[in-house]
Amino acid sequence: MALTRPPRSVAEAVAVQEELRPLVDLVGPGPAAPETVAGLDVAYAESGDLLAAAVTVLDARTLAVVDSAVSVGRPAFDYVPGLFAFRELPALLAALDTLTTIPNLLVCDGHGVAHPRRFGLACHLGVVTGLPAIGVGKTPLIGEWVAPAAERGAWSPLRDGGEVVGRVVRTRDGVKPVFVSVGHRMSLENATAQVLALTPRYRLPETTRTADRLCRDALAEAGHDGARAGHDGARAGHDGARAGHGGARAGPADERRS
């Protein structure tokens, strides 16, 4: 899981995304019945100068955590819209490298091809690791959609410029949907099925919930109790107001883990 040095400029980071994007496998279909599924999440200290990246590996059948790892460090890149993956990738890869179990699927708290350059965090992680990956965002980064029906399992396409880049999926009856997109080596249909399998009780996948707790606990142990989630969580209150409305559109301020 080697990773070259962080880019030295925005232009270089964009060039890396453009270079790696053709390597993304959007067909899959990926594992239909994975044995293990990993959740990846990052929390930041209130100061913004320290982060904890967590990976939790769950038994896909029981949803019990069977392996986990954390990496605490500094953001590797400035906060730039559309380039958030470069801040978190080194720490996430460091955590993945210390696992004793290689997961069959990566579930990222963020986006895959539902990204301005069709290369969000889930794509980047999938290409670098070679593992199947999907993105599950709490709020959208791009696109337009019509609200899905109110029952669990309902979905509607997430479109950007006429292209379907993901699905808006209802994981709980009458609760705000999540935004699912392919990262690597998965079909959108399978990505949707896996997200529903990982949400038997709550809106967010158990992979995301367990990784979120682990990275927050790691920051607290490092002496930073004022941990905050990555930018999905940081703007949840602002964006959540329009997350469930039909005909909604993600605006420029809707920068997510990407």
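Tyrosine 79 comes out as partly exposed, because its relative accessibility is 35%. The partner to look at is phenylalanine 84: the two ring centres lie 5.2 Å apart with the planes at 75 degrees, so the pair is edge-to-face. Phenylalanine 84 itself is buried, at a relative accessible area of 3%. Bring in Tyr44 and you have a cluster, with Tyr44, Tyr79 and Phe84 linked by ring pairs. Across the whole structure, the search turns up four aromatic pairs.

| Arginine | Ring | Distance to ring centre |
|---|---|---|
| arginine 167 | tryptophan 155 | 3.5 Å |
| arginine 209 | tyrosine 202 | 3.7 Å |

Now for the inside. The largest nonpolar core has 25 residues, and those touching the most other members are Leu40, Val55, Leu92, Leu96, Leu106, Leu121 and Leu125. Strands E1 (36-44), E2 (51-59) and E4 (105-108) each put in at least two residues, as do helices H2 (85-97) and H3 (121-129). Which element gives the largest share of this core? That would be H2, with seven residues. There is also a second, separate core of 17 residues, with Val37, Val107, Val136 and Val182 among them.

Leucine 106 is worth a click. Leaving out residues up to four places away in sequence, leucine 106 touches Ala38, Leu40, Leu96, Leu125, Thr129, Leu131, Pro132, Ala133 and Ile134.

What about the cysteines? The disulfide count is zero. Cysteine 108 is in no disulfide, and the nearest cysteine sulfur, on cysteine 123, is 9.0 Å away. A disulfide here would need the two sulfur atoms within 2.5 Å.

Finally, a word on confidence. The chain averages a pLDDT of 86, and 84% of the residues score at least 70. Two stretches fall under 50 throughout: residues 231-246, with 40 contacts beyond four places in sequence, and residues 251-256, with 27 such contacts. Where pLDDT is low, the predicted coordinates should not be read in detail.

Notes. Residues are numbered from 1 along each chain as its sequence is written. This is a predicted model: local features need pLDDT of at least 70, side-chain atom pairs count only at pLDDT 80 or more; totals for chains, interfaces and linings use all residues. Side-chain values use heavy atoms; hydrogens and water are left out. pLDDT is the predictor's confidence in each residue, from 0 to 100. Contact means heavy atoms within 4.5 Å. A nonpolar core is a set of buried Ala, Val, Leu, Ile, Met, Phe, Trp, Tyr and Cys residues joined through side-chain atoms within 4.5 Å. Buried means under 20% relative accessible area, exposed over 50%, partly exposed in between (1.4 Å probe, protein chains only). Helices (H or I, at least four residues) and strands (E, at least two) are DSSP runs, numbered from the N terminus. Rings of Phe, Tyr and Trp (its six-membered ring) pair if their centres lie within 6.5 Å; planes under 30 degrees apart count as stacked, over 60 as edge-to-face and the rest as tilted. A charge sits over a ring if NZ of Lys or CZ of Arg is within 6 Å of the ring centre and within 35 degrees of the ring normal.
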